[in-house]
Amino acid sequence: MKKRNHKTNLIPIVEGILSIDPGMRFAAIIDLKGNISEAIMKEGKTSLKSQKEEEHFCKQVALRRKIRNQFNKSLGPVNYVHIEREKVTQIVVYPKRKTVYVTMEPDVDMTRKLAIIKLIKQKTAKL
């Protein structure tokens, strides 16, 4: 079995995710071990977490993915994870080999959030 050595340039994908909506704050592509492959904070936005907290959170996202995958056989695969917090909305999408984590302003309309999730899934389907 040949191992593929080419590395996808993730910057345009992350930039594309951030450009979906003005309410987008942050986008990261995380490997299956929880390491950040690429992450961008939208210009003009400030992080609500320190870099260390962000890295720890991404490790936790990978861990939760493994836990959720244990239920794929009985419940089906995860479509997306949506967390509403007071200060931010967090969305996690699971393409095959990467995890996509984004944050957006909590006041984005719910119908719009669902449309954003669909667009993120389309932009990251090959990851």
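Thirteen residues was the count for the lining of the second largest pocket, given as 13 residues, with Leu48, Lys49, Val88, Gln90 and Tyr101 nearest its centre. Two or more lining residues come from each of β1 (24-31), α2 (51-69) and β5 (98-104); helices (H or I, at least four residues) and strands (E, at least two) are DSSP runs numbered from the N terminus. The model is predicted: local features need pLDDT of at least 70 and side-chain atom pairs pLDDT 80 or more, whereas totals for chains, interfaces and linings use all residues. Residues are numbered from 1 along each chain as its sequence is written, and side-chain values use heavy atoms, without hydrogens and water.

A pocket is an open set of points on a 1 Å grid over the protein atoms alone, where a 1.4 Å probe fits, with protein on both sides within 12 Å along at least five of seven lines; lining residues have an atom within 4 Å of a point. The space in the second largest pocket is about 180 Å³, the volume being that filled by probe spheres set on points joined across faces, edges and corners. Its lining comprises six nonpolar, three polar and four charged residues.

Leu63 lies in helix α2 and, because its relative accessibility is 44%, counts as partly exposed (between buried, under 20%, and exposed, over 50%; 1.4 Å probe, protein chains only). Ile13, in helix α1 (residues 11-18), counts as buried because its relative accessibility is 19%.

Note on methods. Nonpolar A, V, L, I, M, F, W, Y, C, P; charged D, E, K, R; others polar.
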